[in-house]
Amino acid sequence: MRWPDPADFVHGSPLPPPTGWTRPGLVMTFNLECPGCVSRGIPFLKRLHAEYGEHVHLLAVHTSYGHRQLTREEVEPTLVKFARDFAKLPFPVALDLDGSFAREWQTEGTPHWLAFAPGGELLRSVYGSQENAQTRLEYLLAEWGQSGT
């Protein structure tokens with residue numbers, strides 16, 4: 001399955017594909033033009049980082065899937081400023097300029113969450129940023145925390 005190239009990471013250190021992970025992880029596809037992503041998804045991911053960041057991999061992938069497709073020059077400066085200066089994101093951010101990452105992982109839109117086991121097995125695929133989606137993800141991370149992974 002497709003994974004962002006190291007050059008696609010615009011904030012933080014590149015994260016290898018889940019097949020190389022020794023701990024579980026959560027990937028959120030998002031778009032800066034998605035109100036639910038910016039107002040609920042990103043803050044939720046930051047909170048998860050504060051609570052579970054030492055035990056799980058976290059990654060945000062900015063995708064054009066379901067949104068306007070912009071060039072790298074049109075989106076990267078704004079995304080970097082958002083991640084670094086505005087949201088002060090403590091996890092890596094990658095670009096999915098053509099939407100192929102999101103399409104290949106069969107996301108339904110933004111935000112969409114992909115939860116991976118160590119070694120890369122996709123455990124959950126959850127669409128949305130509302131309370132129900134957040135609760136499902138929170139239970140999963142709590143399980144991971146209790147199992148020591």
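Modeller: A salt bridge is a side-chain nitrogen of Lys or Arg within 4 Å of a carboxyl oxygen of Asp or Glu. The general idea is that side chains of opposite charge can pair when their charged atoms come close. Please bear in mind that this is a predicted model. Here the side chains of Asp85 and Arg84 meet in such a bridge, at 2.8 Å from N to O.

Colleague: How many salt bridges does the rule give?

Modeller: The count comes to 7 salt bridges. Salt bridges that share partners join Asp8, Arg72 and Glu76 into one network.

Colleague: Which residue forms a salt bridge with Asp8, and how far apart are the closest N and O atoms?

Modeller: Arg72 does, with those atoms 3.6 Å apart. This pair links distant parts of the chain, since Arg72 belongs to helix α2 (residues 72-86) and Asp8 to the segment before β1, 64 residues apart.

Colleague: Is Asp8 buried or exposed?

Modeller: Residues under 20% relative accessible area count as buried. Asp8, at 12%, is therefore buried, whereas Arg72, at 22%, is partly exposed.

Colleague: Where do Arg68 and Glu33 lie?

Modeller: Arg68 is in the loop between β3 (57-63) and α2, and Glu33 is in the loop between β2 (25-30) and α1 (35-52). Their side chains meet in a salt bridge of 2.3 Å, N to O, so the pair ties together parts 35 residues apart in sequence. Arg68 is exposed at 52% relative accessibility, and Glu33 is partly exposed at 40%.

Technical notes
Residues are numbered from 1 along each chain as its sequence is written. This is a predicted model: local features need pLDDT of at least 70, side-chain atom pairs count only at pLDDT 80 or more; totals for chains, interfaces and linings use all residues. Side-chain values use heavy atoms; hydrogens and water are left out. Helices (H or I, at least four residues) and strands (E, at least two) are DSSP runs, numbered from the N terminus. Buried means under 20% relative accessible area, exposed over 50%, partly exposed in between (1.4 Å probe, protein chains only).
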